[in-house]
Amino acid sequence: MSSEPIRFDTKIAVLLREDLEPWQRLNVTAFLVSGLGTQVPEVVGEPYEDADGVPYLPMFRQPVMIFEGTKETLTAAHARVLSRALPRALFTSDLFATGNDRDNRAAVRAVGTGELDLVGLAVYGPRNAVDKVVKGARMHP
C-alpha cells in the first residue's frame with residue numbers, strides 16, 4: 001500500500017449562507033451532501049470495517065470543503081453552477097418550515113429559479129470548475 005497522499009482532481013463543496021444559526025448550518029450541510037452520494041456514485045468510497053469485523057457504511061472518498069458567503073454570493077454561485085451543469089443540491093429558507101420530503105420538494109417547485117431564497121448549495125465536479133462556482137465565498141471557520 002502506498003504512503004503517498006491521494007490527490008483528487010475533483011472537489012465536493014458546500015456553500016452556506018453566513019447568517020444561518022449553528023444548528024441550521026449542520027442540518028443544511030447534512031441534507032445537501034446526502035444528495036450527492038445518491039446521484040454521483042463515484043464520490044462514495046468503500047465500506048468501513050473495524051478490527052473486530054463490524055461493518056460500517058461507506059462515506060465520501062474525499063473531503064467536503066465548507067464555505068460561507070452572503071445571500072448574493074449564493075445567488076451568484078447558483079447561476080455559475082447552473083451554467084456549468086455540475087451536479088448540485090440546494091437548500092432554500094422555505095425548507096426550514098416543512099417537515100417532510102414531499103413538502104420540501106413542493107416548496108422548491110413553487111418558486112422560480114431566479115427567486116429561490118438560497119441558504120445552501122452543494123456542488124461536485126472538476127476542482128477548477130467547483131472553485132469558479134464558489135468564487136467570492138470564504139472557507140467556513
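Trainee: How many bridges join strand 1 (residues 10-17) to strand 6, and in which direction do the two run?

Mentor: Seven bridges join them, and they run antiparallel. Two strands pair if DSSP finds at least two bridges between them, so strand 1 and strand 6 are paired. Val-14 stands opposite Ala-122 in strand 6. Helices (H or I, at least four residues) and strands (E, at least two) are DSSP runs, numbered from the N terminus.

Trainee: What kind of model is this, and how are residues numbered?

Mentor: This is a predicted model, with residues numbered from 1 along each chain as its sequence is written. Local features need pLDDT of at least 70 and side-chain atom pairs count only at pLDDT 80 or more, while totals for chains, interfaces and linings use all residues; side-chain values use heavy atoms, without hydrogens and water.

Trainee: What pLDDT does the protein average?

Mentor: The average is 93, and 99% of the residues score at least 70; pLDDT is the predictor's confidence in each residue, from 0 to 100.

Trainee: Why is strand 6 (residues 118-126) said to be largely enclosed?

Mentor: Eight of its nine residues are buried, so the rest of the structure largely encloses it. Buried means under 20% relative accessible area, exposed over 50%, and partly exposed in between (1.4 Å probe, protein chains only). Across the protein, buried residues make up 35% of the 141 residues.

Trainee: Why does Asn-104 count as buried?

Mentor: Its relative accessible area is 15%, which falls under the limit, so Asn-104 is buried. Asn-104 lies in helix 3. Leaving out residues up to four places away in sequence, Asn-104 touches Phe-31, Leu-95 and Thr-98; contact means heavy atoms within 4.5 Å.

Trainee: What volume has the largest pocket, and which elements supply at least two residues of its lining?

Mentor: The volume is about 280 Å³, counted as the space filled by probe spheres set on grid points joined across faces, edges and corners. On a 1 Å grid over the protein atoms alone, a pocket is an open set of points with protein on both sides within 12 Å along at least five of seven lines, where a 1.4 Å probe fits; lining residues have an atom within 4 Å of a point. Helix 1 (22-39), strand 5 (88-92) and helix 3 (101-109) each supply at least two lining residues, and helix 3 gives the largest share, five. Asn-104 is one of the lining residues, and Phe-31 and Leu-95 are among them as well.
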